[in-house]
Amino acid sequence: MDKKIKLLLNEFEFLKKQEKDTNELFTEYQAEFTKDLFKYMDDNGLERKKTTQNKPKKVKETEIKTGAPSKYKKLFRKIVRNTHPDKLDKNMDENQKETFKEVYEETVEGYHNENYAPLLLNAMKLGIDIGHDFDEEIKMIENIIEKKKSSIDHIQKTDAWVYCNSIEENQKNKYMQLFYEKYKKNL
């Protein structure tokens, strides 16, 4: 495999993990921020709007997209054939099963989102030879890496992230007051 692609895939893997960890922390910070915001509103006799939640649409996991280029369809099939949870060796240790399950889920998600970098990364992890069929994907991988960096940066600039990481405890009530004043029409 071309060294440049390998370096890009390694950077992608690192950023994927960093983005996952950042999202997990953000979920915790968002919960803390929301709890503190509601407490601020309750303490100050401020009303809030009722919210409704929409359920995400479920997509069939191994459905082959007809619009995907054939090289991705073939690569998708190879990875799924090797990692599908129902096809794993029953004697495989639990850590290996978990790794294969993660590879499978990343592959399916990437394929359905037409984000083919995880397919390339997972093929590399599994030792599947991708040859020179994917040389042109360097630009795509670079774009995805930039999007991941941007996503992480965006999360770290949110009010919830700033509130939980940069605001001193004695300044949090003032921060909530300013936040409420700015967004009260939406709350």
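Visitor: Where do K101 and E105 lie, and how many residues apart are they?

Guide: Both K101 and E105 lie in helix α3 (residues 94-112). They are 4 residues apart, about one turn of the helix. Helices here are DSSP runs of H or I with at least four residues, strands are runs of E with at least two, and both are numbered from the N terminus. Keep in mind that this is a predicted model, where local features need pLDDT of at least 70, side-chain atom pairs count only at pLDDT 80 or more, and totals for chains, interfaces and linings use all residues. Residues are numbered from 1 along each chain as its sequence is written, and side-chain values use heavy atoms, with hydrogens and water left out.

Visitor: What do the side chains of K101 and E105 meet in?

Guide: Start with the general idea. Side chains of opposite charge can pair when their charged atoms come close. A salt bridge is a side-chain nitrogen of Lys or Arg within 4 Å of a carboxyl oxygen of Asp or Glu. K101 and E105 meet in such a salt bridge, at 4.0 Å from N to O.

Visitor: How many salt bridges does the structure hold?

Guide: The structure holds 14 salt bridges. One of them joins K148 and E19, with the closest N and O atoms 2.5 Å apart. K148 lies in helix α5 (residues 138-155) and E19 in helix α1 (residues 3-43), so the pair ties together parts that are 129 residues apart in sequence.

Visitor: Are K148 and E19 buried or exposed?

Guide: Both are buried. E19 has a relative accessible area of 15%. Leaving out residues up to four places away in sequence, E19 touches K148, S151 and I152.

Visitor: Which residue forms a salt bridge with K149?

Guide: E146 does, with the closest N and O atoms 3.6 Å apart. K149 and E146 both lie in helix α5, 3 residues apart, about one turn of the helix. Salt bridges that share partners join E11, E146 and K149 into one network. K149 is partly exposed at 36% relative accessibility. E146 is partly exposed at 49%.

Visitor: Back to α3. What span is expected of this helix, and what does α3 reach?

Guide: The expected span is 1.5 Å times one less than the number of residues. α3 has 19 residues and reaches 27 Å from its first C-alpha to its last, close to the 27 Å expected.

Visitor: What caps the N-terminal end of α3, and what comes just after the helix?

Guide: D93 caps the N-terminal end: a side-chain oxygen lies 2.8 Å from the backbone nitrogen of N95. Just after α3, E114 takes a positive phi of about 55°. E114 is a residue other than glycine. The place of E114 is in the loop between α3 and α4. At 49% relative accessibility, E114 counts as partly exposed.

Visitor: Which residues of α3 are buried, and what covers them?

Guide: The buried residues are F100, V103, Y104, T107, V108, G110, Y111 and H112. Their cover includes α2 (70-83) and α4 (117-126).

Visitor: How many residues has the largest nonpolar core?

Guide: A nonpolar core is a set of buried Ala, Val, Leu, Ile, Met, Phe, Trp, Tyr and Cys residues joined through side-chain atoms within 4.5 Å. The largest has 29 residues. Those with the most contacts inside it are L75, I79, Y111, L119, L120 and I141. The elements that give two or more residues to this core are α1, α2, α3, α4 and α5. A second, separate core of 15 residues includes A160, W161, Y180 and L187.

Visitor: Which residues does I79 touch?

Guide: I79 touches V103, T107, L119, N122, A123, L126 and I128, not counting residues up to four places away in sequence.

Visitor: How many helices and strands has the protein?

Guide: The protein has 7 helices and 0 strands. Of its 187 residues, 35% count as buried. Among contacts with a separation of 6 or more, 70% come from residues 24 or more positions apart.

Technical notes:
Buried means under 20% relative accessible area, exposed over 50%, partly exposed in between (1.4 Å probe, protein chains only). Contact means heavy atoms within 4.5 Å. A polar contact is a pair of N or O atoms within 3.5 Å; within protein, one must be able to donate a hydrogen and the other to accept it, and residues adjacent in sequence count only if both atoms are side-chain atoms.
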